[in-house]
Every structure is written in structure tokens, then in C-alpha cells.
Amino acid sequence: MTFGKFATIVILLACTLLTSFNLVTGGCTEQDKDEILNLCKDNIKRGAPVITLPLDCPCCVKAKKVKDMLCILQWMTFPEKRIYDEYKIIRLQWWCKVNQV
């Protein structure tokens, strides 16, 4: 087996494992990303004020269902990343939990 074929097999195996890992851990879907961006748009846009959110608001309800907000960032397109603040998306779950006290 040549080095090129071996490298190709290793890359394909790594991609398979990474895809399987995402399925096992739950990750998120593009639909989850679309719902977060739609339901939370007023809170996660660049320049929007940072506020705590009511626990029962649709944004918090959806944010609590997503296990990994970093996964949402992976689904975002470049135009979406220009509109929405990635840091605010990551902090969504925390902003929703602040009201639990």
C-alpha cells in the first residue's frame, strides 16, 4: 500500500469517527441553529444590550435543550457570524440560568 492510499484511509477513518462522535454526544442540528437565531435574535445580535432572560421565554426554552452552544457556532455561516455575536450565543444558557436564583 502506498503512502497516499494509507493517508486517504486514515483521513476517511478520522472523518467517520468524528461524525460518529457528534451523533453519540447529541451535538446539535442546523435546525437547532436556525431556531436559536430566530428565537434569540434580539438578544444575540452584535451591539444588542446584554440582559438576563426570563426562564420561560422561547429563547431560554430552546437554549436549555441544546447541550452544546459551541455546536451552534459550527453551523453558522459567515454572513450570520457578521450579524450575531458568537460570545452572546455561548452565554445564552448562562443568561437564562441567572434568573433561577
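**Entry 1: the model.** I am working with a predicted model.

**Entry 2: salt bridges.** I searched the whole structure and got 4 salt bridges. I then looked up several of them.

**Entry 3: lysine 33.** Which residues does lysine 33 bridge to? One partner is aspartate 34, with the closest N and O atoms 3.0 Å apart. Another is glutamate 80, at 2.9 Å from N to O. Lysine 33 sits in helix α2 (residues 30–39) and glutamate 80 in helix α6 (residues 78–83). The two are 47 residues apart, so I noted this pair as a link between distant parts of the chain.

I checked burial next. Lysine 33 has a relative accessible area of 2%, so it counts as buried, because the cut-off is under 20%. Glutamate 80 is buried too, at 16%. Aspartate 34 is partly exposed, at 37%.

**Entry 4: lysine 62.** I found a salt bridge between the side chains of lysine 62 and glutamate 35, 2.9 Å from N to O. Lysine 62 lies in helix α4 (residues 58–65) and glutamate 35 in helix α2, so this pair ties together parts 27 residues apart in sequence. Is lysine 62 buried or exposed? Lysine 62 is buried, with a relative accessible area of 12%. Glutamate 35 is partly exposed, at 27%. I also noted a network of salt bridges that links Asp32, Glu35 and Lys62.

**Entry 5: rings.** How many aromatic pairs does a search of the whole structure find? I got 0. I did find a charge over a ring: the charged end of arginine 91 sits over tryptophan 94, 4.4 Å from the ring centre.

Notes. Residues numbered from 1 in each chain as written. Predicted model: local features only at pLDDT ≥ 70, side-chain atom pairs only at ≥ 80, totals over all residues. Heavy atoms only, no water. Phe/Tyr/Trp six-rings, centres within 6.5 Å; stacked < 30°, edge-to-face > 60°. Lys NZ or Arg CZ within 6 Å of the ring centre and 35° of its normal. Buried < 20%, exposed > 50% of the residue type's maximum accessible area, 1.4 Å probe, protein only. Helix = DSSP H or I, 4+ residues; strand = E, 2+ residues; numbered from the N terminus.
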